[in-house]
Amino acid sequence: IGSFFQEQPVLRNPFTQDALLRAYLRRHLALQEVESDLRTFGERIVSEIDALGRQCEQNPPRLQQYEAWGRRADRVITCPAWTRMKHIAAQEGLVAAGYERRFGEWSRVYQMCKLYLYAPSAGLFSCPLAMTDGAAKVIQSLGMPVKEAFARLTTRDEKRFWTSGQWMTERMGGSDVANGTETVAWRQEDGSFRLHGFKWFTSATDADFTLTLARIADEDGNTTPGTRGVSLFCAEVWGSDGFTNGIEIQRLKDKLGTRQMPTAELLLDGTRAQLLSEEGRGVASIANMLTLTRIHNTVSAAAAMRRITQLGREYSTKRSVFGKLLKDHPLHVQTLSRMEVETRAAFLLMMEVCRLLGREETGAATEREAHLLRLLTPVAKLYSGKQAVAVVSEGLECFGGQGYIEDTGLPAMLRDAQVLSIWEGTTNVLSLDVLRSISKSSGLVLQAFFSDVEQHHNELHRGKPHQSGAARINMLID
Ligand code: MFK
Ligand code: FAD
């Protein structure tokens, strides 16, 4: 069979390899502590986390519906690597960093940089972390109605750390949650509620805690239709007896990708829950979770692009074709350069949204910045989700036939990228959210955008003539 074997691309420290990330941090928060933590974390990704992520892909979760003697178990059995991921996430403060605010308004940038390095090696543990972050944000924004849960969602103590689910989608509607929610909440004498309904997609179903939506029944059992009838609840997934809190797992979904992570259909059959929002303010109250998870989605999209581009570049220094290395073929370099440009653009947009989030959360944001955050969150999610599929697909081609071979780990990257434009709001639904943000603010989000562009333009091209922000808005309205 001959003696030639192609050298495989090697994952190197994703922090030290990422010139743009390091340049961004040097420019904006030149802190030795941040740089050193990210460098060490990058090493840990190479030496430990990446292999765990692969193990999660190779040992997908399974459902144990019944115990041997017939009692319902409703347990999702995950592999040891998935459990280890949970411990590492706590230790590294992948959620906690956003709430400790150790670096003031830059804390979110720091946290998201870690997640950006982590996501492509995370075996999709990035998904429960996104939802955990979103749940903590909602609890905080509602004035801490469940303090113990908040403490567990944001702790660095691996023994106390909880992850959260986000159970919104029902069979009637995942986009149109307001009309699609059929789950009914029955008020109990002690002020808690019992939920009855069917949740059609619930990811990371092994979570400890969840936020979910339901309609509160009045004394006659009637509910209010539409968005005004939907309220936000939280629930613990497990009872103290070791069995679920009135939850039956009907089945695990058989998915194109994200196979490392369980996604289930759940029957809520008397799930004890606590009302979190004002009655009828469920959609508006869970919007904070959507903002956070959409930002995490953007981070995962930019990270997938960065990882495939890094591996493609690495491979181009090893694979020789037509008598020279790939890196010496101008046409191949052009392909890699295009991927690099897309990746850089996605990275900068992602960082800008994270920067704005950090400023808003610490009270440092101007009104203009708050508007920008509202506008750019759906734009970044919808755009980067599509971009990631295209760039990762192009990236697979850089490895020729090997890019299509399962045990290289490369096909999983494409499968996992495909979901980024679907969950957390499809592209068209997010386009409509952009319009919602414009109409709700009477156009102020657009004004903020164009004045921001104008300011940057002025800084770059002092003295050169350009169209004013106001003229651009008029053009758009015309
Ligand atoms: C790896 C990292 C990624 C993370 C992985 C996560 C895994 C989980 C995957 C999931 O997919 S979880 C489910 C995600 N589901 C969605 O994203 C739902 C998509 N559909 C929408 O976003 C719809 O636009 C929406 C459900 C919000 C429409 O609801 P309504 O009630 O028909 O909209 P309406 O009446 O315009 O808005 C109701 C209130 O919510 C309004 O507030 P007010 O009553 O105070 O006026 C809106 O302003 C507010 N709202 C809606 N969207 C908002 C928002 N507020 C802020 N930001 C938004 N984006
Ligand atoms: P639909 O809403 O039926 O959409 C179908 C099509 O219609 C889409 O192309 C959409 O863009 C389009 N469309 C919808 N409304 C409009 C409109 N007004 N104008 C134009 N076009 C429109 N959900 C959870 O709640 N929790 C989870 O943990 C979770 N995990 C998931 C994991 C995976 C792997 C996947 C694939 C999905 C998960 N989801 C979860 C569900 C996901 O959020 C929904 O599938 C998604 O929001 C779309 O909803 P839908 O499936 O009902 O599609």
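**Entry 1: overall build.** I began with the secondary structure and counted 15 helices and 11 strands in the protein chain. The radius of gyration came out at 23 Å, close to the 23 Å that the globule rule gives for 478 residues, so the chain is as compact as a globular protein of that length. I also noted the extent of the C-alpha trace, which spans about 75 × 65 × 40 Å along its principal axes. A reminder to myself: this is a predicted model.

- The record gives "domain: Adaptive response protein AidB N-terminal" for residues 12-156. I find 61% helix and 8% strand there, with the end C-alpha atoms 27 Å apart.
- "Domain: Acyl-CoA oxidase/dehydrogenase middle" is annotated in UniProt over residues 166-269. This span is 4% helix and 43% strand, and its end C-alpha atoms lie 17 Å apart.
- For residues 280-438, UniProt has "domain: Acyl-CoA dehydrogenase/oxidase C-terminal". Here I get 75% helix and 3% strand, with 24 Å between the end C-alpha atoms.

**Entry 2: ligand 1.** Which residues come nearest to ligand 1? I find A130, A178, T227, A287 and W423, out of 29 residues around the ligand. Helix 6 (126-141), helix 8 (177-180), helix 9 (282-316) and helix 13 each supply at least two residues of this shell. Helix 9 gives the most, with 9 residues. Sorted by class, the shell around ligand 1 holds 12 nonpolar, 13 polar and 4 charged residues.

**Entry 3: a helix pair.** How do helix 11 and helix 14 pack? Helix 11 covers residues 367-397 and helix 14 covers residues 444-460; their axes are 8 Å apart and the angle is about 105 degrees. Angles of 65 to 115 degrees count as roughly perpendicular, and the two helices are therefore roughly perpendicular to each other. On the helix 11 side of the contact I listed R368, H371, L372, R374 and L375. Helix 14 meets them with L444, V445, A448, F449, S451 and D452. The contact divides into 6 nonpolar, 2 polar and 3 charged residues.

Key
Residues numbered from 1 in each chain as written. Chains lettered and ligands numbered in written order. Predicted model: local features only at pLDDT ≥ 70, side-chain atom pairs only at ≥ 80, totals over all residues. UniProt positions renumbered as here; feature names shortened; annotations may be inferred. Near = placed C-beta within 6 Å. Nonpolar A, V, L, I, M, F, W, Y, C, P; charged D, E, K, R; others polar. Axes fitted to C-alpha atoms, helices over the stretch in contact; angles between N-to-C directions. Parallel < 35°, antiparallel > 145°, perpendicular 65-115°, else oblique. Contact = placed C-beta atoms within 7 Å. Rg over C-alpha atoms; globule rule 2.2 N^0.38 Å.
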